[in-house]
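Hi everyone, thanks for coming. Let me put the chain up on the screen, and then we can walk through it together.

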Amino acid sequence: MESFDVVVVGGRCAGSALAAYLARAGMRVCLVDKANFPSETPSTHVIQPRGVEILDELGVLGPVLAHGAVQLDRFSLVNDDVRIDGVLDDGFACPGLNARRTILDQELQQAAIRSGVEVWNRCRVTGLRRTGGRVTGVETVDGLLGCRLVVGADGCESVVAEAVGARKYLVKPPGRVPVWGYFIAGPQEPRLRIARKGNLAFLASPTDSGLYMAGVAVDHADAHDFNRNREANFLTSLRAWPELGDIVRGAERVGPLRVMMNWHSYFRESAGPGWVLVGDAGHFKDFTPAQGIADALCQAKSLSSVILATSGSAAGRDAALHRWWYHRDRSSYDMYWLAMQMGRPGTSSPLVTELLRQIADDPDGATTLLKVLNRDLPSRRLFTIGRLAAAGYTAFRKYPGQSRATFAEIGAALAAEVDKHRARRP
């Protein structure tokens, strides 16, 4: 049996970044993943600036850019007839980024190897070893790995979470199902596009290797019908937003269309005796605001600091990991609810449309929106009481036939605030 300070199960964004941080500080770390890299995994591809900072810190940004990954310094949010355009100026440490996971995950794992991490790919975890109620190792098809701490960074279907019986809470159903593809569309401006047209949503931007990533999100209730003729329905959907349809019109698609059918939003119990969860293993949210990769990287960095600062008693580390879990939740609630609101199925309501129009008309509105998406500001700085009141008044005046629906939406928004308040209780 080999022994390590830490065994990290899952070698993608959260796992490789965490392993690299720990190994650089002198810990003996083993990284285990059932996949053979490079390999794909469902992803929005977009990395917020706060996540790009960490890639740069780990020495990964340069290699990813060498593959042609695109730094995104322009942004457009379109909601039917409302448009918000923004630029990532000097107020952000760096631009955003779009990179396929075949490129990003491979480079992150290579950074971990350069940092001294021992990597076991194509190695399936079969269970956890316990001693006196404490997790003390990882059982794999290739043998037992002993350790002082096991980290589950193995995604939504986490084997570590299942093995320790980690309970999910604040579970919310999916709103939409994403379908995306890669196109040879020629040179494109480095702009991230997010849109809603009718009951369809869109996410698109250039990515690495000279490709353009175009995604459509359909209502979850309509997904099975959509997938019966996915190819034709995808192309028809792209034409529903001419701005995106024009970019990919006549462009050759590389590979098949990708789809992510089975998902939901949740938090999981994320720390216990000898174990902790990070990234999607511990928390997953709606994909619409493109937060997952940056969340994984930021969690990896903050968790590494806690692990490195608690190398003494096991009880002291357990307590520190519980505090980390608690603070992860509290810092995630605001974006969790915002992501669900952005990803709601159906057409845009009068209240949302008029609220976005208020933001579009504000000279600082686009910058505030970008800072909210980068988690520099809470969403209440964007959706202020004044804007909500003005949007509500305009919605009632312009759409009197939908007054009942507008009242219901205001009630739902208030209920969401109550849910946030309850969730913040210890």
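I'll go from the overall fold to the cores, then to one hairpin and the aromatic rings.

A word on the source: this is a predicted model, where local features need pLDDT of at least 70 and side-chain atom pairs count only at pLDDT 80 or more, while totals for chains, interfaces and linings use all residues. Residues are numbered from 1 along each chain as its sequence is written, and side-chain values use heavy atoms, with hydrogens and water left out.

The protein chain has 14 helices and 21 strands (DSSP runs, H or I of at least four residues for helices and E of at least two for strands, numbered from the N terminus). Its radius of gyration is 22 Å, close to the 22 Å from the globule rule for 426 residues, so the chain is as compact as a globular protein of that length (taken over C-alpha atoms; the rule is 2.2 Å times the number of residues to the power 0.38). Of those 426 residues, 56% are buried, meaning under 20% relative accessible area with a 1.4 Å probe, protein chains only.

Now the inside. A nonpolar core here is a set of buried Ala, Val, Leu, Ile, Met, Phe, Trp, Tyr and Cys residues joined through side-chain atoms within 4.5 Å. The largest has 57 residues, and Leu-104 and Val-151 are among those with the most contacts inside it. Helix α1 (residues 13–24) gives this core its largest share, nine residues. A second, separate core of 35 residues includes Trp-180 and Phe-284.

Next, the hairpin. Strands β5 (residues 74–79) and β6 pair in the antiparallel sense over six bridges; pairing takes at least two DSSP bridges. Leu-77 stands opposite Ile-84 in β6. Two residues lie between the strands, and Asp-80 has a positive phi near 55°. On β6 (residues 82–87), Val-82, Ile-84 and Gly-86 form the covered face, and Arg-83, Asp-85 and Val-87 the uncovered one.

Finally, how many aromatic pairs are there? The structure holds 10, counting rings of Phe, Tyr and Trp (its six-membered ring) with centres within 6.5 Å; planes under 30 degrees apart are stacked, over 60 edge-to-face and the rest tilted. Phe-267 and Tyr-336 have ring centres 4.7 Å apart and planes at 65°, so they are edge-to-face. Phe-267 is in strand β18 (residues 265–268) and Tyr-336 in helix α10 (residues 314–342), so the pair ties together parts 69 residues apart in sequence.

Conventions
Buried means under 20% relative accessible area, exposed over 50%, partly exposed in between (1.4 Å probe, protein chains only).
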